[in-house]
Amino acid sequence: SNHPQVETQLQQMENEARANPGNRQNLLALANLYLQMQQTNQAIELFDRVMADPHVNSNEAGFIAQIYARIGNLPKLEAALQKIVTLVPDQPEPWYDFAALEAVLGKPDASLPSLHKALDLSAQRLKSNPTAHDLLNEARKDQHFDPLRNLPEFQKLVPSN
């Protein structure tokens, strides 16, 4: 092969993954390498291992969620976002992202309570930090929520002005 140094690196990372399955940074780096090599199934297998690790943190889960969003794997993205809201329940953005995805997936019963939570947390944050991202403003123009716009519950959460 023309890439001996990549193969050596890959070999080292695979050995490390076998020897130290709890080294999540290595698993993520290895998964990233698999993605670059178009070996999506191997990458997803490693992401699953990271997500199942009881010590996984919201940054790692967030990194994985971004990749699932990029490759368009919505079931895995949904599971990742569900995990993130349990890891950082007091942060509005993950609740918002989860609500937006559930709206797209046609699950208003999951979307609306999550959006409610996101907007409450965002409003609280704006009180102490007026320059913070205003998620109510965002929800007014976010096309992800178009499937819910005609629902009275949505209109109550997101009044048009």
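## Basis of the model

The structure is a predicted model, in which local features need pLDDT of at least 70 and side-chain atom pairs count only at pLDDT 80 or more, while totals for chains, interfaces and linings use all residues. Residues are numbered from 1 along each chain as its sequence is written, and side-chain values use heavy atoms, with hydrogens and water left out.

## The chain as a whole

The chain has nine helices and zero strands, where helices (H or I, at least four residues) and strands (E, at least two) are DSSP runs numbered from the N terminus. Read from the N terminus on, the elements run α-α-α-α-α-α-α-α-α, and the C-alpha trace spans about 60 × 30 × 25 Å along its principal axes.

Of the 161 residues, 39% count as buried, a term that means under 20% relative accessible area, as against over 50% for exposed and in between for partly exposed (1.4 Å probe, protein chains only). The accessible surface comes to about 9400 Å², of which 50% belongs to carbon and sulfur atoms; the areas come from the Shrake-Rupley method with a 1.4 Å probe, and for residues only the protein chains shown count as cover. Among contacts (heavy atoms within 4.5 Å) between residues at least 6 apart in sequence, 45% join residues at least 24 apart.

## Helices H2 and H3

Helix H2 (residues 24-36) packs against helix H3 (residues 40-52) at an angle of about 160°, with the axes 8 Å apart; axes here are lines fitted to C-alpha atoms, for helices over the stretch in contact, and angles run from 0 to 180 degrees between N-to-C directions. That angle makes H2 roughly antiparallel to H3, since angles over 145 degrees count as roughly antiparallel, under 35 as roughly parallel, 65 to 115 as roughly perpendicular and the rest as oblique. The crossing of H2 and H3 is left-handed, meaning that the near helix is turned anticlockwise from the far one by less than a right angle.

On the H2 side the contact is made by Arg24, Leu27, Leu28, Leu30, Ala31, Tyr34 and Leu35, and on the H3 side by Thr40, Gln42, Ala43, Leu46, Phe47, Arg49 and Val50. These residues divide into 10 nonpolar, two polar and two charged, with Ala, Val, Leu, Ile, Met, Phe, Trp, Tyr, Cys and Pro counted as nonpolar, Asp, Glu, Lys and Arg as charged, and the others, Gly among them, as polar.

## Valine 50

Valine 50 has its place in helix H3 and is buried, with a relative accessible area of 0%. Leaving aside neighbours within four places in sequence, valine 50 is in contact with Arg24, Leu27, Leu28, Val56 and Ile64. Valine 50 and arginine 24 are 26 residues apart in sequence, yet 6.0 Å apart in space, C-alpha to C-alpha.

## Helices H5 and H6

The axes of helix H5 (residues 74-87) and helix H6 (residues 92-104) come within 9 Å and cross at roughly 150°, which makes H5 roughly antiparallel to H6. H5 passes H6 in a left-handed crossing.

H5 contributes Leu74, Leu77, Glu78, Leu81, Gln82, Ile84 and Val85 to the contact, and H6 contributes Pro94, Trp95, Asp97, Phe98, Leu101 and Glu102; by class they divide into nine nonpolar, one polar and three charged.

## Alanine 118

Alanine 118 lies in helix H7 (residues 108-128) and, at 0% relative accessibility, counts as buried. Not counting residues up to four places away in sequence, alanine 118 touches Pro92, Trp95, Tyr96 and Leu135. The C-alpha atoms of alanine 118 and proline 89 are separated by 9.6 Å, with the two residues 29 apart along the chain.
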